[in-house]
Amino acid sequence: DILDAYMMQVWTNSVNTVLTFLKILKFVRLNDRLNILTKTLSACQQSIIGVLVLFIWVVFGYAITGNTVFGGGIFEFRSINSSFSTLLRYLLGDFDYPALREENKQMAWAYFWSFQVLGLFILLNFLIAVISDAFADVSGEQSFIDLDATLAKTVEDVRSECLPSSIQRKWKLLKHRKTQTGLLAQVHLEMKEYRNKMLSSEDVEAQEHRQQLANVFVHKDDYMATIPAHIKDNLSEEFLYRVWLDIAWEYNKNQRDAYHQSAERAKELIQEKTVAQIEKLKRQMTTIQDIRGRFDDLESRIRPIVQTWQIKKRTD
């Protein structure tokens, strides 16, 4: 029992070590260039889950078949769990095909090659394709805010949260069984009502606010006017003003990203048009060279006729 408890502690600490290092991914969200991994996985999570389920299902089916056909003579297929691990190693190139042939010559080639084609060439490449498409989309939407500006804002936010007034406000809310998150959720609802007043009923039902109000900036006075008095008393106007500054910072970030993306797109269009014009010019030059060749051929045919005519004229 003591040995089992000790080994459980070792395994638990090993898992905690991995999770601790994975927490670093929370901090790389400060900059989109460093956050490329988590954003890519987030963008492809719906598609990749379906492909992973299909992939695991296929490998599991082959594991049951391998345990049934080869489990009696090959140690790696002694159980379904071992067969599953063995097949995953097969995808990495760690396989012993001669052992399969010795155990069952008739089934070895069909089992091995069908799994390689279906598991490696098709399903595994599906996973790579899904992640590659998501990576391409995320790379095209990267933020152009500098890392030093993001770090400076993060430090300022942390400093503000550690002020005595901020700690006192949180303690006051805690005594009344309230939280900043809950009150800010109410502010969010009030802002949605304010936003919907700027849209038609059709746009509200169709959720077209992102396109219609992409360039609309909420002034501080309008923002403060939408917040009920009891929320102002609980959160303080200073805190709500810092929230508005965060909204303004995010709006400025989105505007800069949109500007840079449009500039990049315009640059790509110019390059595409330039390449198209160069290709067109090449085709025209080829046509001109062909016409020139025809003129040279025609000149070579006419020259003997002219020379014969000149000689005949001199003799006359």
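A surface patch here is built from residues with over 30% relative accessible area and no salt bridge, joining like charges within 9 Å and nonpolar side chains (Val, Leu, Ile, Met, Phe, Trp, Tyr) within 5 Å. A salt bridge puts a side-chain nitrogen of Lys or Arg within 4 Å of a carboxyl oxygen of Asp or Glu. Areas are Shrake-Rupley values with a 1.4 Å probe, and for residues only the protein chains shown count as cover.

Some ground rules. This model is predicted: local features need pLDDT of at least 70, side-chain atom pairs need 80 or more, and totals for chains, interfaces and linings use all residues. Numbering runs from 1 along each chain as its sequence is written, and side-chain values use heavy atoms, without hydrogens or water.

Start at the surface. Leu 3, Tyr 6, Met 7, Met 8, Val 10 and Trp 11 make a nonpolar patch. Together they have about 620 Å² of accessible area. Tyr 6 sits in helix H1, residues 2-22.

Now the rings. The structure has 12 aromatic pairs. Rings of Phe, Tyr and Trp (its six-membered ring) pair with centres within 6.5 Å; under 30 degrees between planes is stacked, over 60 edge-to-face, the rest tilted. Take Tyr 62 and Phe 115: tilted, 5.2 Å centre to centre, 55° between the planes. Tyr 62 is in helix H4 (residues 45-70) and Phe 115 in helix H7 (residues 105-140), so their pair ties together parts 53 residues apart in sequence. Helices are DSSP runs (H or I, at least four residues), numbered from the N terminus. Both Tyr 62 and Phe 115 are buried, meaning under 20% relative accessible area. One aromatic cluster includes Tyr 62, Phe 70, Trp 113 and Phe 115.

Terms used. Helices (H or I, at least four residues) and strands (E, at least two) are DSSP runs, numbered from the N terminus. Buried means under 20% relative accessible area, exposed over 50%, partly exposed in between (1.4 Å probe, protein chains only).
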